[in-house]
Amino acid sequence: MKQRIFSGIQPSGNLHLGNYLGAISQWLTLQDEYEAFFCVVDLHAITVPQDPAELRRKTLEIAKIYLASGIDPMKSTLFVQSHVQAHTELGWILNTIARFSDLEKMTQFKDKSAKSEKETVGIGLFDYPVLMAGDILLYDTNVVPVGKDQMQHVELTRTLGRRFNERFGETFVIPEGRVSKEGQVIMALDDPTKKMSKSAESEYNYIALSDDAETVRKKIRKAVTDSGSEIVYADNKPALKNLINIYSLLSHKTTADIEAMYVGSGYGDFKTDLAEVIVSFLTPFQERLKNISDEEVLAVLKAGAEKAKGIAEVKMKQVRERVGLLA
Ligand code: TYM
């Protein structure tokens, strides 16, 4: 029996290189080894206000991005979170064992809520990691491949899984989070102390997967660099380190090879080449994306939801019984 992986992306904002390098590129290699479930987590996206038509469009787009990246529906199960009602049901049941003190600690909640007035911060935003725990536990997931920013949520998932098992008897597999080494956090191009983010105010923060060649060149030219002029991969040069990581992950060259290639040249040459490395990744990717029809992706999502529902329903029967809900 293959072990299982589960991961997901929210259909909100512009998907960027951080999402690709932190999450999707890991999934591509793992889908051969594991039984894989990749979800478009629309119920997570509505924890902040979304335009309904735009949310539907984005949901399809994320699924197309999975396919264009090379997630293979013959190997992996792709589906939309809201198509499998068990996610909300298990989310609710886990709410009854999650504690205020568990959720209060979540860094992402603190960051996101700090941006709005306290009185207007929604319960959904606060509760979002519990829904995520439900996503993962529902499928007896062994491994959760994510970017580093999601590891705290995976840790909470482990806590809730263990707590449920202790109270009601062995029910859930306790999953492990997994981050890829260099891709674990891709930092913002305009500020190497912050992560590249879909919800960033400035578009110079990120390279969107939809950016055209000219936009990529412009954004890389404008990317913040550190003092000095040599191309070195070092912790005291966080901006450059981030750019070298992106270069390395997309070109499959090691960071040491990249340093060696630019001995004697400056930021200008390095940045020109980096932009071209990104463009040669994005151009064929965007071409594949354009050629995937709505019908094709809808068929994949329908089949994926059917398969996911089958597995989720078996688990939910067990959960309802353990908790004491009348059959
Ligand atoms: P989301 O949609 O914010 O991000 C999707 C994935 O992209 C990774 N990521 C990054 N990786 C490296 N550098 C960055 N700058 C960067 N920004 C984002 C994230 O770590 C994530 O892996 N709550 C999740 C979605 C979710 C989920 C799940 C994930 C819901 N249920 C179950 C795994 C399992 C989220 O909001 O990710």
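Predicted model: local features only at pLDDT ≥ 70, side-chain atom pairs only at ≥ 80, totals over all residues.

**Around the ligand**

A polar side-chain atom of D135 sits 2.7 Å from a nitrogen atom of the ligand. That's a polar contact, a pair of N or O atoms within 3.5 Å (within protein, one must be able to donate a hydrogen and the other to accept it, and residues adjacent in sequence count only if both atoms are side-chain atoms). Residues are numbered from 1 along each chain as its sequence is written, and side-chain values use heavy atoms, with hydrogens and water left out.

One of its oxygen atoms is 2.4 Å from an N or O atom in the side chain of Y128, and a nitrogen atom of the ligand is 2.9 Å from a polar backbone atom of M196. How much of the ligand's accessible area does the protein cover? On its own the ligand has 710 Å², and the protein covers 98% of that (areas come from the Shrake-Rupley method with a 1.4 Å probe; for residues, only the protein chains shown count as cover).

The elements giving two or more residues to the shell around the ligand are β1 (4-9), α1 (17-33) and α7. Those labels are DSSP runs numbered from the N terminus: helices are H or I with at least four residues, strands are E with at least two. There are 28 residues around the ligand, and Q10, Y128, D135, D149 and K198 come nearest (to be near, a residue needs a heavy atom within 4 Å). By class, the shell has 12 nonpolar, 12 polar and four charged residues. Here Ala, Val, Leu, Ile, Met, Phe, Trp, Tyr, Cys and Pro count as nonpolar, Asp, Glu, Lys and Arg as charged, and the others, Gly among them, as polar.

Now find H16, in the loop between β1 and α1. Is H16 buried or exposed? H16 counts as buried because its relative accessibility is 3%; the cut-offs are under 20% for buried, over 50% for exposed, and partly exposed in between (1.4 Å probe, protein chains only). Leaving out residues up to four places away in sequence, H16 touches M196, S197, K198, Y206, I207, A208 and L209, where contact means heavy atoms within 4.5 Å. A polar atom of the H16 side chain also lies 2.9 Å from the backbone nitrogen of G18.

Apart from neighbours within four places in sequence, N19 is in contact with N14, I24 and K198.

Next, helix α8, residues 151-168. Buried residues in α8 include H153, V154, L156, T157 and L160. Just after α8, G169 takes a positive phi of about 100°.

Two other residues have positive phi without being glycine. D140 has a phi near 50° and is found in the loop between α7 (123-137) and β4 (143-145); at 25% relative accessibility, D140 is partly exposed. H252 has a phi of about 60° and lies in the loop between α10 (238-251) and α11 (255-261), where H252 is exposed, with a relative accessible area of 72%.

Technical notes: Expected span 1.5 Å × (residues − 1).
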